[in-house]
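Subject: Handing over the structure

Hello,

Here is the structure I promised to pass on.

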Amino acid sequence: MTSSEASTVLIVGASRGLGLGLVRRHLERGWRVIATVRGRSEALDALAAEADGRLAVETLDVTEPEQIAALAERLSGTRLDLLFVNAGVTHNPAQPIGEMSEGEFMHVLRSNAYGPIRVVERLGELVTAGGTVAVMTSGLGSVANNESGGLEAYRASKAALNTMLRSLAVRKGDRRICYLAVDPGWVLTDMGGPEAPLDVDTSTRGIADMLEARRGQAGVAFVTHENKVVPW
Ligand SMILES: NC(=O)c1ccc[n+]([C@@H]2O[C@H](COP(=O)([O-])OP(=O)(O)OC[C@H]3O[C@@H](n4cnc5c(N)ncnc54)[C@H](OP(=O)(O)O)[C@@H]3O)[C@@H](O)[C@H]2O)c1
């Protein structure tokens, strides 16, 4: 693949963990990558220094609508083959919903649902027909599979994200876009913690393979890093 033919991906929330892993995978596979951070990421800067101009770093906090608008403005005219909104937060797992302040609850919802879907709404317009819009959800966002409980606000936020992605996919059904809610598995990151059974490379390699396999398949699906369908 020559650089003039290279596909372009925008990865939102790429400073560390799974987002950074997704940047690595797409660079390895010859893509041009635009990656966003809130502050600085030395790891991402190091990748950019070795990427022969194929990695551009932008700034975005998904909870700040004016930053979403400013990025859309800066990227206007860019054609994306893939938009991947990875940004997300968790909370104290021992905290049931009744013990969480409204402020903490709203922070989780804003970071995991409202912010990411606003990014999809605005920056998804840059994705060309035949392209893909993906959000990083979680297996915990499946309402149907919730038999163990726990992480109540986090589950609710990812279920909200999934539902809004489905609604948006229906609303924009004529655009021939593949919309995906992606469950990365339980992964060794700052969020996943040291007990997680999967490393970032394994999860993100699986996600990149799954994205390639589903490329061009318009519609909406909730899938794992192993390309298995998850019940909503
Ligand atoms: N690890 C797992 O086991 C697991 C399982 C299921 C789903 N997930 C999901 O996978 C995604 C990535 O998680 P991770 O494990 O890689 O977590 P992580 O290591 O904690 O990384 C989270 C990423 O999201 C960014 N972020 C958080 N809030 C943001 C905001 N308001 N605006 C922009 N960026 C923001 C962080 O940026 P900063 O560096 O600026 O904080 C960081 O790049 C999340 O959506 C998470 O819910 C993870």
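A definition before anything else: helices (H or I, at least four residues) and strands (E, at least two) are DSSP runs, numbered from the N terminus. With that numbering, L188 sits in the loop between β6 (178–183) and α6 (200–214). One caution as well: this is a predicted model.

**The whole chain**

The protein has 6 helices and 7 strands. Along the sequence they follow the pattern β-α-β-α-β-α-β-α-β-α-β-α-β. The radius of gyration is 17 Å, close to the 17 Å that the globule rule gives for 232 residues, so the protein is as compact as a globular protein of that length. Along the principal axes, the C-alpha atoms fill a box of roughly 55 × 40 × 35 Å. Of the 232 residues, 43% count as buried. Now take the contacts with a separation of 6 or more: residues 24 or more positions apart account for 67% of them.

**Around the ligand**

How many residues surround the ligand? There are 28, and the closest are G17, A87, G88, T189 and G192. Two elements give two or more residues to this shell: α1 (17–28) and α4 (102–123). The largest share, 3 residues, comes from α1. By type, the shell divides into 11 nonpolar, 13 polar and 4 charged residues.

**Helix α1**

Is α1 mostly covered or mostly open? It is mostly covered, with 11 of its 12 residues buried. Those buried residues run through G17, L18, G19, L20, G21, L22, V23, R24, R25, H26 and L27. After the helix comes G30, which has a positive phi near 90°.

**The cores**

The largest nonpolar core has 57 residues. Those with the most contacts inside this core are I11, V23 and L83. What does V23 touch, leaving aside its neighbours within four places in sequence? V23 is in contact with I11, A14, V33, A35, L44, L47 and L55. There is also a second, separate core of 5 residues. Among its members are V108, L151, A153 and Y154.

**Back to L188**

L188 is partly exposed: 18 other C-beta atoms lie within 10 Å, and a residue needs 20 or more to count as buried. Neighbours within four places in sequence aside, L188 is in contact with P194, A196, L198, D199 and V200. L188 and L18 are 170 residues apart in sequence, but their C-alpha atoms are 9.1 Å apart in space.

α5 covers residues 152–171. It has 20 residues and reaches 28 Å from its first C-alpha to its last, close to the 28 Å expected at 1.5 Å a residue. Its buried residues are E152, A153, Y154, R155, S157, K158, A159, L161, N162, L165 and A169. Which elements cover them? The cover includes α4, β5, β6 and β7 (219–224).

L151 is in the loop between β5 (127–136) and α5. Its phi is positive, near 40°, in a residue other than glycine. L151 is buried, with 20 other C-beta atoms within 10 Å. R176 is found in the loop between α5 and β6. It too is not a glycine, yet it has a positive phi of about 55°. R176 is partly exposed, with 14 other C-beta atoms within 10 Å.

That is the tour. Over to you.

Best wishes

Notes. Residues numbered from 1 in each chain as written. Predicted model: local features only at pLDDT ≥ 70, side-chain atom pairs only at ≥ 80, totals over all residues. Near = placed C-beta within 6 Å. Nonpolar A, V, L, I, M, F, W, Y, C, P; charged D, E, K, R; others polar. Rg over C-alpha atoms; globule rule 2.2 N^0.38 Å. Contact = placed C-beta atoms within 7 Å. Core = buried A, V, L, I, M, F, W, Y, C linked by C-beta atoms within 7 Å. Expected span 1.5 Å × (residues − 1).
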